[in-house]
Amino acid sequence: MPLIILSGLPTSGKTTRAQELKAFFEARLAVQAQAQDDSATPKTKDYRLHIVNDESLNLNKHVSYNTAADEKKARGALMSAVERLLSKDDIVIVDSLNYIKGFRYQLYCVARAIGTPHCVVFCACIPDRARAWNKESGAYPETIFEELVVRFEEPDSRTRWDSPLFVMVPEDKLPENEIWDSVILKKAKPPNMSTVVKVVKETNYLYEFDQTTQNVIQAILDAQKSGDPTKQIKAPLSSILLQLPPTRVVTLSELRRLRRQFTSINKMHTLLDMTRVAEGFVEYLNQNLNA
């Protein structure tokens, strides 16, 4: 079932919206179940509802966002919880900052891999108002709050991982029916090349996966050494061109980090055809290197 991703500045009302969504879905599903009990129509399966946030994962906001390393661990815990809970029988509401577009893209990939719809709910709030609420609640230390505000990457409905996008200021009523239609009634998009699910049949799959992604990285490093002015690379086994950032050099550490993320996303979603692995990795790099 659906993945609902909340995004917004610190203390912008995301948890309030998450609780509103939970209450709405519980009530709507209860009405639907009652209607089935009162009719002769076959009963549909029951759905489970989950809210994933810092509190459910026992993450302390005063610690989890203190350094880049702490924040990376917090995002890892959040992603692991979503991967563990999300299924076609579970509705998962991700009540967190989700302020990095690359992380929202990873969440989107998880939903696509399972074949379930998703949407993004953006709790729009001016910084001064969020700052006042944070001062009142003490949720985030002032220094961390200001750093998160500066780094916030606002959702954009033009990108597929931020669409459908619902934008609300604190005074707005939750668009309950529109969200229901977009994630319950809407048919999920099929998995793309970077998320398609297949059963493992080849014992050397992991070795070939490793070699294929390593070869793509080596092609990037070789092209940068040669000073290719087009910034477009024909990676091994891929018909999709890899587009490098036009104004900077991509470092090996950055490529390794993205490779680890891609591997993590696909560790349970195997692509036996190495051509599709290469093209999926190229697609993933194009999204993240040029984001």
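Leu 85 touches His 50, Val 52, Asp 90 and Val 92, once you skip residues up to four places away in sequence. You'll find Leu 85 in helix H3, and at 23% relative accessibility it counts as partly exposed. Keep in mind as you look around that this is a predicted model. Below are some other spots worth a look, starting with the chain as a whole.

**The whole chain**

- The chain has 291 residues, and buried ones make up 46% of them.
- Take the contacts between residues at least 6 apart in sequence: 80% of them join residues at least 24 apart.

- Mean pLDDT for the chain comes to 86, with 88% of its residues reaching 70 or more.
- Residues 193-202 are a stretch to treat with care, as pLDDT stays under 50 there.
- For that stretch, residues 193-202, the model still has 34 contacts beyond four places in sequence.

**Helices H3 and H4**

- H3 covers residues 68-85 and H4 covers residues 101-114, and their axes come within 10 Å of each other.
- Those two axes cross at roughly 15 degrees. An angle under 35 degrees counts as roughly parallel, so H3 and H4 are roughly parallel to each other.
- As for handedness, H3 passes H4 in a right-handed crossing.
- On the H3 side, Arg 75, Leu 78, Met 79, Val 82 and Glu 83 do the meeting, and on the H4 side their partners are Phe 103, Gln 106, Leu 107 and Val 110.
- Sort the residues of this H3 and H4 contact by type and you get six nonpolar, one polar and two charged.

**Helices H5 and H6**

- Here's another helix pair: H5 (residues 127-137) packs with H6 (residues 142-151) at an angle of about 155 degrees.
- The axes of H5 and H6 are 11 Å apart.
- Which way do H5 and H6 run relative to each other, roughly parallel or roughly antiparallel? An angle over 145 degrees counts as roughly antiparallel, so H5 and H6 are roughly antiparallel to each other.
- The crossing of H5 past H6 is right-handed.
- H5 brings Pro 127, Ala 130, Arg 131 and Asn 134 to the contact, while H6 brings Phe 145, Glu 146 and Val 149.
- By type, the residues where H5 meets H6 divide into four nonpolar, one polar and two charged.

- Ala 113 is part of helix H4. Is Ala 113 buried or exposed? With 5% relative accessibility, Ala 113 counts as buried.
- Thr 212 belongs to helix H8, which spans residues 205-226. Buried means under 20% relative accessible area, and Thr 212 has 6%, so Thr 212 is buried.
- What does Thr 212 contact, leaving aside neighbours within four places in sequence? Leu 237, Met 274, Val 277 and Ala 278 are in contact with Thr 212.

Conventions
Residues numbered from 1 in each chain as written. Predicted model: local features only at pLDDT ≥ 70, side-chain atom pairs only at ≥ 80, totals over all residues. Heavy atoms only, no water. Axes fitted to C-alpha atoms, helices over the stretch in contact; angles between N-to-C directions. Helix = DSSP H or I, 4+ residues; strand = E, 2+ residues; numbered from the N terminus. Parallel < 35°, antiparallel > 145°, perpendicular 65-115°, else oblique. Left-handed = near helix turned anticlockwise from the far one by under 90°. Contact = heavy atoms within 4.5 Å. Nonpolar A, V, L, I, M, F, W, Y, C, P; charged D, E, K, R; others polar. Buried < 20%, exposed > 50% of the residue type's maximum accessible area, 1.4 Å probe, protein only. pLDDT = per-residue confidence, 0-100.
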